[in-house]
Amino acid sequence: MWETVAQAVINGLLIGGIYALVSIGVTLIFGVVKIVNFAQGEFVMIGMYISFFLANQFGIDPLVSLLVTMPVLFVIGVLIQHFLIRRVLGPNDMPQIFLTFALSLLLLNLALMLFTANYRTVHTSYSDEAFHLGELYIPEAKLIAFVVAMALSGALWVFLHFTDLGKAMRAASQNRDVATLMGINPNRVFCVALGIALALAGAAGSLLMPFYSAYPFVGQVFVLMAFVAVVLGTLGNVIGALIASLMMGVAESLGIQYIGADSGLIVVFAMLLLTLAFKPTGLGGGRAR
Amino acid sequence: MMAQGRRARGLLWLAIGIAILIALPQVVKSSFAIDIFIRILLFSFVGVAWNLMGGYAKQLSLGHAAYFGLGAYTSTILQVDFGISPWIGMVAGGVVAMLASLPIGWLCFRLRGPYFTIATIATAQALMLIFLKFRDLAWGAEGTTIPNLGSAPLMMQFETKAAYYYVVLALLALGLVITYLIERSWMGYYLVAIGEDEDAAEAIGVNAPKIKRDIYLISSFLTALAGTFYTQYIYFIDPATAFSFNISIEAALVSIVGGIGTLWGPVIGTVLLETTSTLLQSWLGGSIGGVQLTVYSLILMAVILWRPTGLMGVATEAWQRHVGRKPAQA
């Protein structure tokens, strides 16, 4: 009995690490630039396709292609901030929401046109390997993904707290006007925030590739999880998003175990609606850090 | 005098437009063309319903498929299981949608801006999952076909496509009249005030939660009527079509591209987007998936970056330049 529960919790935590990379990106952009990036899931998809093609054409292991996807998506993020998002920052909600929404639609449908709706998988030497802890079963690829995801999250935390640029980003997220008065260049900080957030999404894509299929709609799964985790963990709060993502992973996994295989999304929506109904400021109580 | 002349001219144009729209199916006999006209009128109507809340009050919902689907399912269940005419079912569907909008609004209106949008997406998706999962409620994922009774106007089934055309034309007219009346009432001004700055509107005494709730009721009622019509028109219903995310997207898109918060914006936007999509489909043969939404998203990005007021904004600017150049005649 307890093995089943423990196994479900382990599965949930492992996939929750990937959710964390996506939702930390969403919450970082929201905290610093004050926009919601609807296209975050599509950047996970792009990361997956880059890893897939590198593995397929050149035999590069998806974990190694992390070194390609992260810089490439960092650059894409900077370009998107500089050429698109910068132009819609203002008091008006509509352009901000629908610009990244249009970007999401565009990337998704371009992928559909270029790569078709087929599922693409990469098989690695460790794809089918697993550790056994008594009755428990820990897939190697997922464990690697989880450890790398946690390491990247930790590195981001160190960056935000101990470097000048990181401190500038936190300052800009707390009070943009005062930060600007202190000599922080907002556009530069925003470019870096977008770059880091997209690099994390790209990393999520590469880490997923050994055990998950790439297809044009794959980002939608992760972005929905991320939005719920970001609301649950209080908007703009990086640690909150991390903890909430792990909780979401566990809740989804327990839902699949005890309610039914296709009930993962129902659990997610139920959690979102319950959060909105009873704690709309998130579990952190409205503090953005 | 001047205002009266402009008003008379406006009425004349409106009368000409109505006459053309009524005569259209008598002149154009191709059922392919009438099918496109019906799509344009239907999505204009959904856009008009969305625009009441999304456009005037700037509550940017991407979950209107929830009400489209509820309208479609209510009338279909009443018709298939109880033999009740879809004309009654249509109104019943509207009422069900209004009732559903109360708890959904209660949840979603707690959030502002992008998070309101996300919450509306989640509610529509959750409803779709409910209709997929609970087979006893409504046929599960397979959906059902509507029994074909041949020519039965009382059951909203017609032999010619032209009849469907007139039904949806009447729906669009209803939506436009309601928008026109609201635009000119105190409610219209309250909505625009909320859309511009909700805190400021509340500070000067606008009861924002009540106004938002009321406009959501009207908007969801109208959207549900479109759902019933669509199901009757295609003789088929399943959760993936009735609650399709594309309906939510199209409702918002046509309004933004045409001109958000304007009477004619959704109509103009639909004409542009649907025409583009039809031309693309006949050109590419519809063989490649994703082309239509790729083009839609490019148009949407172009509008947001260069003309956030939409095509109506472009037209208004052109008109003002025209009037400005000839002040003596005006």
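**Note on a predicted two-chain model**

1. Chain B, in what is a predicted model, has a radius of gyration of 20 Å, which agrees with the value near 20 Å that a compact globule of 330 residues would have. Along its principal axes, the C-alpha trace of this chain spans about 65 × 50 × 40 Å.

2. The secondary structure of chain B consists of 15 helices and two strands. Buried residues account for 45% of the 330 residues in chain B, and, among the contacts in chain B with a separation of 6 or more, 76% join residues 24 or more positions apart.

3. Chain A has 11 helices and two strands, and in sequence order these elements follow the pattern α-α-α-α-β-β-α-α-α-α-α-α-α. Its radius of gyration is 19 Å, close to the 19 Å that the globule rule gives for 289 residues, so chain A is as compact as a globular protein of that length.

4. The C-alpha trace of chain A spans about 60 × 45 × 35 Å along its principal axes. Of the 289 residues in chain A, 53% count as buried, while residues 24 or more positions apart make up 78% of the contacts in chain A with a separation of 6 or more.

5. Where the two chains meet, the contact takes 31 residues from chain B and 27 residues from chain A. On the side of chain B that touches chain A, α5 (114-133) and α14 (291-306) of chain B each supply at least two residues, and α14(B) gives the most, with 10 residues. The residues on this side of chain B divide into 22 nonpolar, seven polar and two charged.

Methods:
Residues are numbered from 1 along each chain as its sequence is written. Chains are lettered from A and ligands numbered from 1 in the order in which they are written. This is a predicted model: local features need pLDDT of at least 70, side-chain atom pairs count only at pLDDT 80 or more; totals for chains, interfaces and linings use all residues. Two residues are in contact if their C-beta atoms, placed from the backbone, lie within 7 Å. Helices (H or I, at least four residues) and strands (E, at least two) are DSSP runs, numbered from the N terminus. Ala, Val, Leu, Ile, Met, Phe, Trp, Tyr, Cys and Pro count as nonpolar, Asp, Glu, Lys and Arg as charged, and the others, Gly among them, as polar. The radius of gyration is taken over C-alpha atoms; the globule rule is 2.2 Å times the number of residues to the power 0.38. A residue is buried if 20 or more other C-beta atoms lie within 10 Å of its own, exposed if 12 or fewer, and partly exposed in between; C-beta atoms are placed from the backbone.
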